[in-house]
Amino acid sequence: MKRRQFIRFGAVVGALGLVKPSKATNIMAQSFEGKTNGPLVLSTWNHGLAANEGAWAVLQKGGTALDAVEKGVMVTEADLTNRSVGVGGRPDREGHVTLDACIMSGDARCGSVAFLEGIAHPVSVARAVMEKTQHVMLVGAGAKKFALDYGFQQAKMPIDEVKKDYEQWRKENKDLFKKPEINHENHDTIGMIAMDANGQLAGACTTSGWAYKMHGRVGDSPIIGAGLFVDQEVGAATATGLGEAIIRIAGSHTVVELMRHGFSPQEACKEACMRIIRKHNDLSGLQCGFLAIDKDGNYGAYSIYAGFNFAKHDAQKNELIDAPFDRNW
Ligand code: SD4
């Protein structure tokens, strides 16, 4: 496997660790701060384009942001070609596909499932946890029982093609405790945040997590405040990347709190990335990216390394955008 070399583009961090992305500090990064006056959907990675269409179908009929984000990420969960979300996801080291998801609306209602096996749409189970129980989070066998009690669709995982890849991986990786390399092929998630026509905010996040992770591992995606956070008073944020690093700084909550204290969405996403950088000595493979919308419809994104893109759907178009970043690989 090719060893990645990364070059640091002199990011000069000020007292607050805050430097606006500019050509001087980020040779390839551009700023994509923007503002919308109508409904908006942002979601992580290329698969966000199709997911945004699902969400937009709800928003353009005057539906709520909460319904939109659920319907949107369900598109990705059902995509059998996607290896990091839902039914087509890769398993852990023991061959189990374990799914993590959460959903949150601007009024602080939220629901989450983690370490869930055999259910096609974990995000909908997360929503049912939010709406039908007094709890926020159900995991493992309890989450599965709850999903079955409520009649959620089951699915056989891993699918055959993924199982073959896994068997090959087992042959080639006798040392099962080796740190896997994080890259686009083995590690992405859908995090989606949306604003509806009434200005209401919501978000959802769903993943099969880190491919070939330890059995029992849960990442940031189902953790309210890490993979997702929404507060109608301020804004919404979601995360993708190495979940352990995102959890360490309560990533999405951090982004929202920074916006509360006056950072723009992009500045807040950048500062969350910088905080992760400051807390880790070994940055190899440590890709994380954030998306944010504030309550006024301003939006932004940022990632640690180049290569994080996101899909933005507004009344004009659905487009893929390269996020600004701090470092090149
Ligand atoms: C996780 N954050 O399980 C997820 C995976 C991801 O890009 O987002 N990868 O750590």
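Where does P158 lie? P158 sits in the loop between α4 (140–149) and α5. The model described here is predicted.

**Backbone exceptions**

The peptide bond that joins M157 and P158 is cis, with omega about -5°. Most peptide bonds are trans, and most residues other than glycine have a negative phi. Two residues other than glycine have a positive phi: F115, where the angle is near 55°, and A250, where it is near 45°. F115 belongs to strand β5 (residues 110–116). A250, in contrast, is in the loop between α6 (243–248) and α7 (251–260). A250 counts as partly exposed because its relative accessibility is 31%, between the limits of 20% and 50%.

**Ligand site**

There are 13 residues around the ligand, and those that come nearest are T189, R217, D220, T240 and G241.

| Residue | Protein atom | Ligand atom | Distance |
|---|---|---|---|
| D220 | side-chain N or O | nitrogen | 2.5 Å |
| T240 | polar side-chain atom | oxygen | 2.9 Å |
| G241 | backbone N or O | nitrogen | 2.7 Å |

Taken alone, the ligand exposes 290 Å², and the protein buries 100% of that area.

**Nonpolar cores**

In soluble globular proteins, nonpolar side chains tend to be buried together. The largest nonpolar core in this model has 51 residues. Within this core, V255, I276 and F290 have the most contacts. Helix α8 (residues 265–279) supplies seven residues, the largest share of the core. Apart from this core lies another, of 32 residues, which includes V73, A101, L116 and M130.

The contacts of V255 can also be listed by residue. Not counting residues up to four places away in sequence, V255 touches A237, A268, C269, A272, F290 and A292.

**Aromatic pairs**

Five aromatic pairs are found in a search of the whole structure. One of them joins F146 and Y150, with 4.7 Å centre to centre and 45° between the planes, and is tilted.

Y166 and W169 form a stacked pair, with 6.2 Å centre to centre and 20° between the planes. Both residues lie in helix α5 (residues 160–172), three residues apart, about one turn of the helix. Y166 has a relative accessibility of 10% and so counts as buried. W169, at 15%, also counts as buried. Ring pairs link Y166 and W169 with Y212 into a cluster.

**Surroundings of N318**

N318 is part of strand β14 (residues 318–322). Which residues does N318 touch, not counting residues up to four places away in sequence? They are L49, N52, E53, A311, K312 and H313. Two of these contacts can be described at the atom level. A polar atom of the N318 side chain lies 2.8 Å from the backbone oxygen of L49. The N318 side chain also makes a polar contact with the side chain of E53, at 3.0 Å.

How values were computed. Residues numbered from 1 in each chain as written. Predicted model: local features only at pLDDT ≥ 70, side-chain atom pairs only at ≥ 80, totals over all residues. Heavy atoms only, no water. Helix = DSSP H or I, 4+ residues; strand = E, 2+ residues; numbered from the N terminus. Polar contact = N/O pair within 3.5 Å; in protein donor to acceptor, adjacent residues only side chain to side chain. Contact = heavy atoms within 4.5 Å. Core = buried A, V, L, I, M, F, W, Y, C linked by side-chain atoms within 4.5 Å. Buried < 20%, exposed > 50% of the residue type's maximum accessible area, 1.4 Å probe, protein only. Phe/Tyr/Trp six-rings, centres within 6.5 Å; stacked < 30°, edge-to-face > 60°. Near = heavy atom within 4 Å. Areas by Shrake-Rupley, 256 points an atom, 1.4 Å probe, with all protein chains shown as cover.
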